[in-house]
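Please keep the sequence and the model at hand while reading.

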Amino acid sequence: MNPQYDGRALIDGKRLTAQDGETFDCISPVDGRLLTAVARCKQRDVDAAVVSARAAFEDRRWSGLAPAQRKRILIKFADQLLANGDELALMETLDMGKPIKYARAVDVNSAANCIRWYGEAVDKIYDEIAPTASTALALIQREPMGVVGVIVPWNYPMIMAAWKIAPALAAGNSVVLKPSEKSPLTALRLAELALEAGIPPGVFNVVPGFGPEAGSPLALHMDVDCIAFTGSTRVGKQIHVMAGQSNLKRAWTELGGKSPNIVFADCPDLDKAVEAAVGSIFFNQGESCNAPSRLFVEASIREQFLEKAVALAPGFAPANPLDSDTVMGAIVDKTQMDTVLRYVESGKREGASLLYGGEQALVDTGGCYVQPTIFAGVTSDMTIAREEIFGPVLSVLSFSDVADVVRQANQSIYGLQAAVWTRDINQAHGRRPCPACGHRACQPIRRRRHHRAVWRL
Ligand code: NAD
């Protein structure tokens, strides 16, 4: 049986349909079931949410509370997430397809921890008095900005929302959150829990809808003081343009990745490196901004490494996300699944060798599943090495030495995260041998001081 989910927007403390009455279907990628109809917010709904957030800010119903009180309420909000953790985890799993055990242990807990952390910070961050002559007084005061617009993606819906709303609320701002159209449900529930915890109506509003219809009006809004965005690099660039086109609001963007994971032949524990390489790309179905999707293995250990990686892949076969043993669930929706499968085809077409997976899985369920997929023989110019796939696809490249791998790893427009596996700390930090003595440790420091440098390391 389907749980009854309320897809209406939450504006000024009330659950509301979109002003033009339009909705969109919220379909579960677990099995294709319709979860609920969600309010399709547009310009007028965003305007109403911003008016409500502005009014709440101006009358200081939140920002005017004593810090200790704001802290108490935020910590209660975090507690509410934990108290309702099973419900939130189920909602997240049904809405975006991740395994329920991770939705509960990772998403709910991390979102609650984030809100608690910022709640705790409310009465611990002090203002400053700048050093001046005795005839002057200069104060550095931390003030809320006003109305913060938040736009988030679908891969960790609760965590992404918490990363933005928690600091904004802790500082005393009002918030208008636009969740992804692919995973809007937990954001709406979070805003209800915030109300129950004591965050006053109007302070935290949620407007579900599509990017161009609800996201753009928020980013372009003349009465929004700051826009905080997590999502693709393509849309992130547009967000900065929209901020500039409107009121030059501050824009913070956290964008995509194509992270390199580099394994040198001297890696002290190859089994651990293989487990991490495979486990991290398949975690959350590969739908993580920092997924180590480019694996660079030193040529001399390549065959051995690939054999171990392929042996682990079947352990990540997708299964019902509602089953507590499942480690890989469903891709968020059919559009994203088709994108992933298109990348698999491009890998084959451009000459990479498909070692494992590459197919849609569990087709009979009506859900969106893709096998864990490993490509070897990938080169840096191939599409699967350059573009963010955002699915369970590992591209394995090889390298000959440090200079080669640094060059290849940097052949990317992305720069989110990197990992290096080696027993040599100098190699890990990219230190090259000293041209005078060949010793690695002295290189970053000027040559004549190199013996001291060895000591320092
Ligand atoms: P996306 O950019 O397509 O969408 C993100 C959000 O922006 C959604 O809410 C969407 O509705 C909205 N949006 C889309 N078009 C818009 C427009 N024209 N104006 C305003 N808003 C618009 O990204 P996605 O597919 O939801 O998420 C995946 C991306 O997010 C990946 O690139 C991933 O790497 C990135 N991500 C980054 C981080 C990080 O911390 N760096 C974390 C998670 C995800």
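How many positive and negative side chains does the chain have, and how far apart do the centres of the two sets lie? There are 49 positive and 50 negative side chains, and the two centres are 8 Å apart. Lys and Arg count as positive and Asp and Glu as negative, while His and the chain ends are not counted; each charge is placed at NZ of Lys, CZ of Arg, CG of Asp or CD of Glu.

## Basis of the values

The model is predicted, so local features need pLDDT of at least 70 and side-chain atom pairs count only at pLDDT 80 or more, whereas totals for chains, interfaces and linings use all residues. Residues are numbered from 1 along each chain as its sequence is written, and side-chain values use heavy atoms, with hydrogens and water left out.

## Overall build

The chain has 15 helices and 19 strands; these are DSSP runs numbered from the N terminus, with helices (H or I) of at least four residues and strands (E) of at least two. Its radius of gyration is 24 Å, close to the 23 Å given by the globule rule for 457 residues, so the chain is as compact as a globular protein of that length. The radius is taken over C-alpha atoms, and the rule is 2.2 Å times the number of residues to the power 0.38. Along the principal axes, the C-alpha trace spans about 75 × 65 × 40 Å.

Of the 457 residues, 51% count as buried (buried is under 20% relative accessible area, exposed over 50%, partly exposed in between, with a 1.4 Å probe and protein chains only). The accessible surface is about 20,100 Å², and 53% of this belongs to carbon and sulfur atoms; areas come from the Shrake-Rupley method with a 1.4 Å probe, and for residues only the protein chains shown count as cover. Among contacts (heavy atoms within 4.5 Å) with a separation of 6 or more, 73% are between residues 24 or more positions apart.

## Nonpolar cores

A nonpolar core is a set of buried Ala, Val, Leu, Ile, Met, Phe, Trp, Tyr and Cys residues joined through side-chain atoms within 4.5 Å. The largest one has 47 residues, and those with the most contacts inside it are Leu74, Phe77, Leu81, Leu177, Ile199 and Phe204. Helix α5 (residues 157–170) supplies the largest share of this core, 10 residues. A second, separate core has 24 residues, including Ile262, Cys368, Ala385 and Ile389.

Neighbours within four places in sequence aside, Phe204 is in contact with Leu10, Phe77, Ile165, Val175, Leu177, Leu190, Ala191 and Ala194.

## Positive phi in two loops

Leu248 is not a glycine but has a positive phi of about 55°. This residue is in the loop between α8 (233–245) and β11 (250–254), and Leu248 counts as exposed because its relative accessibility is 68%.

Phe390 also has a positive phi, near 60°, in a residue other than glycine. Phe390 lies in the loop between α12 (383–386) and β18 (393–399) and is buried, with a relative accessible area of 16%.

Leu90 is part of helix α3 (residues 85–96) and is partly exposed, at 29% relative accessibility. Not counting residues up to four places away in sequence, Leu90 touches Pro3, Tyr5, Ile100 and Leu322. Between Leu90 and Leu177 there are 21 Å, C-alpha to C-alpha, at a sequence separation of 87 residues.

Tyr126 sits in the loop between α4 (100–121) and β5 (128–130). With 64% relative accessibility, Tyr126 counts as exposed.
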